Amino acid sequence: MTVRTTYFGGLNSRFEPGDEDAVFGVVRYPRDFVKRVTDRNIPAVAPPEDLLNAYKAVEEAAEENGEPNPAAIAWNSVDYERRYLESLEQPGPQTVIAELADRARERDIWLVCWEKDARWCHRRLLANAVVAQLEDTEVVHHPNPSTIPVDTGDDEPDDDPDATLADFAEAGGA
């Protein structure tokens, strides 16, 4: 079986769960359509409100400042990964993780939230926590984070990794 993750914008438009798959929203503040596109929303494993608010505040400030990757800045600034994993250690989330693992033994499950890039999303951490309780189960993120370009703010082309010192000198380097 597989634990899959995606974001609401990609669900059913870019990524289609199978008929037998279980689809779970894992958001703190679901919108009305979440009930239509998921089997159930589980706020118990959504980020805690204080963590979510801190993340959003830093992300918005980074966007306003024109930073190239606001989600990464927010993630690192608020120590998101450590704080979210600590929240998963509580009894309620542990019960949910066990229930999700039980479901994943029977069928593929999908964990869905708002963030497109799993690198900066709690569902990546949640999926790993579920899979840690299982054997022969993989995590697949939709989209695959390695296919999403990360804006570094550097508009210069990347240096050629095979360039030699002679190439550098010929290009006018010192």
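Author: Let's start with the helices: α4 passes α6 in a right-handed crossing, where right-handed means that the near helix is turned clockwise from the far one by less than a right angle, and left-handed anticlockwise. Helices here are DSSP runs (H or I, at least four residues), strands are E runs of at least two, and both are numbered from the N terminus.

Reader: Nice. Which residues of α4 and α6 make the contact?

Author: From α4 they are Tyr 80, Glu 81, Tyr 84, Leu 85 and Leu 88, and from α6 His 122, Arg 124, Leu 125, Leu 126 and Ala 129. Contact means heavy atoms within 4.5 Å. By class, there are seven nonpolar, one polar and two charged residues. Nonpolar covers Ala, Val, Leu, Ile, Met, Phe, Trp, Tyr, Cys and Pro; charged covers Asp, Glu, Lys and Arg; the others, Gly among them, are polar.

Reader: And at what angle do α4 and α6 pack?

Author: The angle is about 45 degrees, and the axes are 10 Å apart. That makes α4 oblique to α6. Under 35 degrees is roughly parallel, over 145 roughly antiparallel, 65 to 115 roughly perpendicular, and the rest oblique. Axes are lines fitted to C-alpha atoms, for helices over the stretch in contact, with angles from 0 to 180 degrees between N-to-C directions.

Reader: Before I go on, what kind of model is this?

Author: This is a predicted model: local features need pLDDT of at least 70, side-chain atom pairs count only at pLDDT 80 or more, and totals for chains, interfaces and linings use all residues. Residues are numbered from 1 along each chain as its sequence is written, and side-chain values use heavy atoms, leaving out hydrogens and water.

Reader: Okay, new topic. Which peptide bond is cis?

Author: The one joining His 142 and Pro 143, with omega about -5 degrees. Pro 143 lies in the loop between β5 (138-141) and α7 (165-170). Most peptide bonds are trans.

Reader: What about Asp 79, what is its phi?

Author: Asp 79 has a positive phi of about 55 degrees, though it is not a glycine. Its place is the loop between α3 (70-77) and α4 (80-88).

Reader: And is Asp 136 buried or exposed?

Author: Asp 136 is exposed, at 78% relative accessible area, while Asp 79 is partly exposed at 33%. Buried means under 20%, exposed over 50%, partly exposed in between (1.4 Å probe, protein chains only). Asp 136 also has a positive phi of about 55 degrees.

Reader: Last one: where is Thr 2?

Author: Thr 2 is in strand β1 (residues 2-7), and it is buried at 8% relative accessibility.
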